[in-house]
Amino acid sequence: MKTEVPGPRSRELMKQLNGMQNAEAVHFFCNYEESRGNYLVDVDGNRMLDLYSQISSVPIGYSHPSLIKLLQQPQNLSTFINRPALGILPPENFAEKLKESLLSNKERGHNNVTKEELESCMINQPPGCPDYAMLSFMGSFHGRTLGCLATTHSKAIHKLDIPSLDWPIAPFPRLKYPLEDFVKENQQEEARCLEEVEDLIVKYRKKKKIVAGIIVEPIQSEGGDNHASDDFFRKLRDIARKHGCGFLVDEVQTGGGCTGKFWAHEHWGLDDPADVVTFSKKMMTGGFFHKEEFRPNAPYRIFNTWLGDPSKNLMLAEVIKVIKTEDLLNNATHAGKALLTGLLDLQARYPHLISRVRGRGTFCSFDTPNDATRNKLITIARNKGVVLGGCGDRSIRFRPTLIFKDHHAHLFLNIFSDILANFK
C-alpha cells in the first residue's frame, strides 16, 4: 500500500467524473492493466487482495492469460468488432458457439390467441394483459427494471419513487447460527415461511390475481447473504408445482462456480428442475435458460436488438475451459473451507464484532454489530490492502474469484485478525 484509499489520484478523478454524472458510489479508480489474478491495483499504485471481484462478477481473475490469448487471435477480431442484432441477423457459427459456452452447463399454457386477447393487450386490459403476479421474498434482489423491482426487496433506495405492482412478498427464512445448535428452531422457521408462501398464493387467487411464478435466489445476496436449507428449496419447488406456478431461480450472483458447483441450485438435488434460471456476472453475459414448454411460441415475443453478444460467448467458452482444466469448482470448495474455518475462528475470538458466520464454497459472509461498524471495518481493510463488500444492513460478504486459493484466504485472515485485535 502506497496511500490511503481512495488516494489523491482517485479523489481527483472522482471530482472530474462527478461533474459529468453522479459518482457518489465510486470507491476508487482502478488500473486494470496492472491488475493480475486476485490482486486489484488502483490508480495510486495500491495493490489490494480483491475479495469482492467487481460485485461477484470476475470469474477467473484479472488479466487471465487465456483470455488475453483469446482476444489476440486474428480469427476472433470480427466477433468483437461486428456486434450483430442476433434476433434477426446472427453469424454463421452462432449455434456452434452457444453449444461451447452457454449450453455447455445446461440443465403460456396454450398457443391459441383470441382476437379479444390481441385487442385488449394493446390497451393494457385483460384478457390480453392478464392480472398475473410473481411471488418473491423479503430481502431479495432481482434487478432494477419495473417488473424486477416489484420482486426486489433488499434496499429502499432501489425502489424509491418507482411505481410498483401489487405482487405477493413472502418472508425468507432467518436462520440461527451455528446451524447445528438450532436445528429445531430453523426447521420451524423454514416451515413458517413455506406456509406463508402457500397462504399468499391462495389469498391472491381469491383476489382474482393468479401467482404465475415464484422467484428466489439460492442465497439472498444484496439482502444480507441469507441462506436456507436444501430441503427448504425442494419443498418450495413442490409448492410451485402444486399450485401451477413457474419456479424461477435467480443465479446472477451464485452461478458460475463460487459455491463449489457450477449452479448453486445443483446442491438442492431437485427431482424436477427449475423452470427458468437467470444468470449474469461470472457468466460474462446476462440471460436465462428454461424448460422447453416455456419456449416462446412466436417471433418477437421475447426480443431486443442485441439478444446477447457473441464476443461474450467466446470469452465464456474460454472461462469454462479454464474452470474445467484447473478444477476450479473443487478449488472453490477447498478455498471456501479454509476461509470459512478461519472466519469461525475469528468469530470465537471476537464475538463482539463477528457473528452468524456462514457460507457455501467461497460464497461466505458474517454479520457485524451494526452498519457503522461494518462500514468502518471495510474501510480499514481497504487501507490495509483488502477489498471487501457489504450487503444487507450489517453484513460483510466475500466474493473472490474462482482462482482464489487457500493461501489467499490465510493472507486475508492474518490481516483481518490484526484489524479486529486493534479495532476501537
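# Exercises on a predicted model

Asn-375 has its place in helix H13, which covers residues 371–383. Keep in mind that this is a predicted model.

**Exercise 1. Work out whether Asn-375 is buried, partly exposed or exposed, and find its side-chain partner.**

Start with the accessibility: Asn-375 comes out at 36%. Buried needs under 20% and exposed needs over 50%, so Asn-375 counts as partly exposed. Next, look for a partner. The side chain of Asn-375 makes a polar contact of 2.9 Å with the side chain of Arg-374. For a sense of scale, pick Thr-145, which is 230 residues away along the chain: its C-alpha atom lies 28 Å from that of Asn-375.

**Exercise 2. Classify the aromatic pair of Phe-172 and Phe-233, and say where each ring sits.**

The structure holds 17 aromatic pairs, and Phe-172 with Phe-233 is one of them. Their centres are 6.4 Å apart, inside the 6.5 Å limit. The planes make an angle of 50 degrees, and the pair is tilted. Now place the partners: Phe-172 is in the loop between strand E4 (169–170) and helix H9 (183–206), while Phe-233 is in helix H10 (residues 230–242). That puts them 61 residues apart, so the pair links distant parts of the chain. Phe-172 is buried at 8% relative accessible area, and Phe-233 is buried at 0%.

To finish, widen the view: Phe-172 and Phe-233 belong to one aromatic cluster together with Phe-137, Phe-232, Phe-247 and Trp-268.

**Exercise 3. Which rings have the charged ends of Lys-207 and Arg-399 sitting over them?**

Begin with Lys-207: its charged end sits over the ring of Tyr-204, 4.1 Å from the ring centre. Then go to Arg-399, whose charged end sits over the ring of Phe-363, at 3.5 Å from the centre.

Terms used
Residues are numbered from 1 along each chain as its sequence is written. This is a predicted model: local features need pLDDT of at least 70, side-chain atom pairs count only at pLDDT 80 or more; totals for chains, interfaces and linings use all residues. Side-chain values use heavy atoms; hydrogens and water are left out. Helices (H or I, at least four residues) and strands (E, at least two) are DSSP runs, numbered from the N terminus. Buried means under 20% relative accessible area, exposed over 50%, partly exposed in between (1.4 Å probe, protein chains only). A polar contact is a pair of N or O atoms within 3.5 Å; within protein, one must be able to donate a hydrogen and the other to accept it, and residues adjacent in sequence count only if both atoms are side-chain atoms. Rings of Phe, Tyr and Trp (its six-membered ring) pair if their centres lie within 6.5 Å; planes under 30 degrees apart count as stacked, over 60 as edge-to-face and the rest as tilted. A charge sits over a ring if NZ of Lys or CZ of Arg is within 6 Å of the ring centre and within 35 degrees of the ring normal.
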